[in-house]
Amino acid sequence: MKGKVLVTGADGFIGSHLTEHLVSSGYEVRAFVLYNSFGTHGWLDSLPADVLQKVELFPGDIRDSAQVQKALTDVETVFHLAALISIPYSYEAPEQFVQVNTGGTLNVLQAARNLNTSRLIFTSTSEVYGTAQYVPMDEKHPLSAQSPYSASKIAADKLAESFFRSFGLPVAIVRPFNTYGPRQSLRAVIPSVIAQLLRGEKEILLGNPAPTRDFVFVTDTAKSFRIIAESKNTPGEEINVATQSEISIGELVQQLITAINPEAKIVTDPGRIRPENSEVLRLLGSHQKLKNLTGWVPETPLQEGLRQTIEWYSNPKNLVYFNPIGRHL
């Protein structure tokens with residue numbers, strides 16, 4: 001991989017970590033961020049000044065094909081992360097998810113094809129698999145649209161695959177399992193529980209505690225993206241990013257309770273439970289393909305990742321990023 005790189009969704013959780021990682025790895029980074037009238041740039045605004053000054057900011061909207069074409073101009077490699085990701089919100093606004101996740105991806109694919117982009121890394125999700133039919137789940141696992149969010153990502157996956165097969169576009173489809181760490185939205189389970197505990201709440205609201213997840217620390221995810229982009233073996237491939245270990249949501253939350261406030265207890269909140277046929281009950285991924293192609297393996301054990309995440313949310317300087325009722329600003 002050489003030349004300038006573009007990160008769409010650079011203002012988001014994983015995108016900001018990827019941007020920071022690419023800068024530290026010596027790459028020239030253009031960051032496509034969602035335009036807003038406040039002139040803010042999401043999580044990029046929290047990066048150290050010496051890092052942010054090396055980033056070329058490009059405000060726009062992934063649904064605007066002309067803006068996307070402009071953003072990809074003179075770029076060698078594209079990391080496409082821009083997406084709507086909230087599963088509960090996808091029940092309320094499925095059309096918006098199709099417009100952003102599917103239509104936005106089509107804009108990126110078209111622009112990359114028109115501009116002969118050297119490499120495109122498309123960010124999918126483990127949610128495209130639905131509940132595990134076998135474990136560990138490899139890239140041959142059937143796809144199952146158990147939410148409008150996952151349906152929009154499956155459609156985008158297939159568009160990316162079609163551009164590789166039809167036009168030879170050098171795109172890799174990357175499927176991270178449940179990424180967590182500093183800067184994650186309080187809508188996600190780990191930061192949501194940490195925030196409740198740090199506020200001193202004794203009853204921790206939780207949906208279904210039984211589902212299991214394969215949690216990947218965000219710095220490991222960011223590194224995997226760079227390694228996949230640098231490899232000559234990855235174009236045309238669907239690639240999981242996983243730890244090959246699982247933990248139930250209930251057990252995970254109990255670990256957080258033990259670490260922060262042992263007096264707290266779990267209370268089921270019916271409003272946090274997904275519709276029965278939409279709940280993904282088990283996600284346990286295989287990273288064997290990624291290891292075989294690139295040598296990548298996860299470096300951060302769950303306990304260490306949780307420690308770093310708790311430390312970040314406990315830091316008073318980070319309180320500005322979430323308000324007293326636990327909703328991300």
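Me: Why is Arg183 called buried?

Reply: In this predicted model, in which local features need pLDDT of at least 70, side-chain atom pairs count only at pLDDT 80 or more, and totals for chains, interfaces and linings use all residues, Arg183 has a relative accessible area of 8%. Buried means under 20% relative accessible area, exposed over 50%, and partly exposed in between, with a 1.4 Å probe and protein chains only; Arg183 is therefore buried. Residues are numbered from 1 along each chain as its sequence is written, and side-chain values use heavy atoms, with hydrogens and water left out.

Me: What makes Arg183 and Glu20 a salt bridge?

Reply: The closest N and O atoms of Arg183 and Glu20 are 2.7 Å apart. A salt bridge is a side-chain nitrogen of Lys or Arg within 4 Å of a carboxyl oxygen of Asp or Glu, so the pair qualifies. The two partners lie 163 residues apart, linking distant parts of the chain: Arg183 is in the loop between E7 and H7, and Glu20 is in helix H1 (residues 13-24). Helices (H or I, at least four residues) and strands (E, at least two) are DSSP runs, numbered from the N terminus.

Me: What makes helix H7 mostly covered?

Reply: Of the 10 residues of H7 (residues 189-198), 8 are buried. Among them are Ile190, Val193 and Leu197. The buried residues of H7 pack against several elements, including strand E8 (203-206) and helix H11 (302-314), where contact means heavy atoms within 4.5 Å.

Me: Why is the protein called as compact as a globular protein of its length?

Reply: The secondary structure comes to 11 helices and 13 strands. The radius of gyration is 19 Å, close to the 20 Å that the globule rule gives for 329 residues, so the protein is as compact as a globular protein of that length. The radius is taken over C-alpha atoms, and the rule is 2.2 Å times the number of residues to the power 0.38.
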